[in-house]
Amino acid sequence: MREIIFDTETTGLDFRDDRVIELGCIELVNRFPTGRTFHHYINPQGRPIHAEAQAVHGISAADLMGKPTFSDIAEEFLAFIDGAKLVAHNATFDIAFLNVEFGRLGHPVVDPGLVVDTLALARRKHPMGPNSLDALCRRYGIDNARRTKHGALLDSELLAEVYIELIGGKQAALILDSATAPAGGRRNVDDIDISIGARPIALPSRLTEAERSAHASMVGTLGEKALWLRVAREASSAA
């Protein structure tokens, strides 16, 4: 299974008028990062960057001078995400911007059935929140000390770790015994045979004689149809 964790940075918050200025992606295969990434800063073609947005991501118009336009990187991006699910935090925001950018170029919009929103996942799993990316990093012990500003590639790297935690992927892929792992990679826990034998010496009972006596007295007050008496009779017959 192939998934692309992605994030965008934009000139502002209005997907109808603002533009994508950074796009970062991390490839996962079977919930593990492959090392393949996609990252570009993108020239907004004269669209100014709102001061509020620049305060968040730190990207200025001067930083984007000479960078490719979205049309320059669109085919490369489409090839990178081809056949994969797309995973983003507050995906509605990012997908809206991408769909407008694709629309300007005559490309079809992103199939919503291929989009996974980690914010929606987090709200279901942690309904009391908070569920920002920073808050989820703190919740799962993921080091985000480098995140002094938002950045599409760094945020995608952090989100990849958060996403795996949200879906329980680390637990599903644990290798309980390294000796059973193949030399070329990981094995799923479902593929590992684990045999549990009987104890050679039974553990001693933790019940005291006083507790046994008190229990027997209590059972004696329950009547002939008491479940405890029936269980005792069945155990005696089986013996």
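R36 is partly exposed, with a relative accessible area of 41%, where buried stands for under 20%, exposed for over 50% and partly exposed for the range in between, using a 1.4 Å probe and protein chains only. Its salt-bridge partner is E27, with the closest N and O atoms 3.0 Å apart, a salt bridge being a side-chain nitrogen of Lys or Arg within 4 Å of a carboxyl oxygen of Asp or Glu. This is a predicted model, in which local features need pLDDT of at least 70 and side-chain atom pairs count only at pLDDT 80 or more, while totals for chains, interfaces and linings use all residues. Residues are numbered from 1 along each chain as its sequence is written, and side-chain values use heavy atoms, with hydrogens and water left out.

**Salt bridges**

- The structure holds 7 salt bridges, and R2, E27 and R36 are linked in a network of them; E27 counts as buried at 5% relative accessibility.
- R31 pairs with E3 through N and O atoms that come to 2.9 Å at their closest, linking distant parts of the chain, since R31 sits in the loop between β2 and β3 and E3 in strand β1, 28 residues apart.
- E3 is buried at 1% relative accessible area, whereas R31 is partly exposed at 25%.
- Within helix α3, R104 and E101 lie 3 residues apart, about one turn of the helix, and their closest N and O atoms are 3.3 Å apart.

**Strands** (helices are DSSP runs of H or I with at least four residues, strands runs of E with at least two, numbered from the N terminus)

- Strand β2 (residues 20-29) has 9 of its 10 residues buried, so it is largely enclosed by the rest of the structure.
- β1 and β2 run antiparallel and are joined by 9 bridges, and β2 pairs with β3 (residues 32-41) in the antiparallel sense over 7 bridges, pairing requiring at least two DSSP bridges between two strands.
- R2 has V29 of β2 as its bridge partner, and I26 has T37 of β3.
- The hairpin of β2 and β3 has 2 residues between the strands, and N30 there takes a positive phi near 55°.

**K85**

- K85, in strand β4 (residues 85-88), is partly exposed at 36% relative accessible area.
- Leaving aside residues up to four places away in sequence, K85 touches R2, E3, I4, L114 and V116, contact meaning heavy atoms within 4.5 Å.
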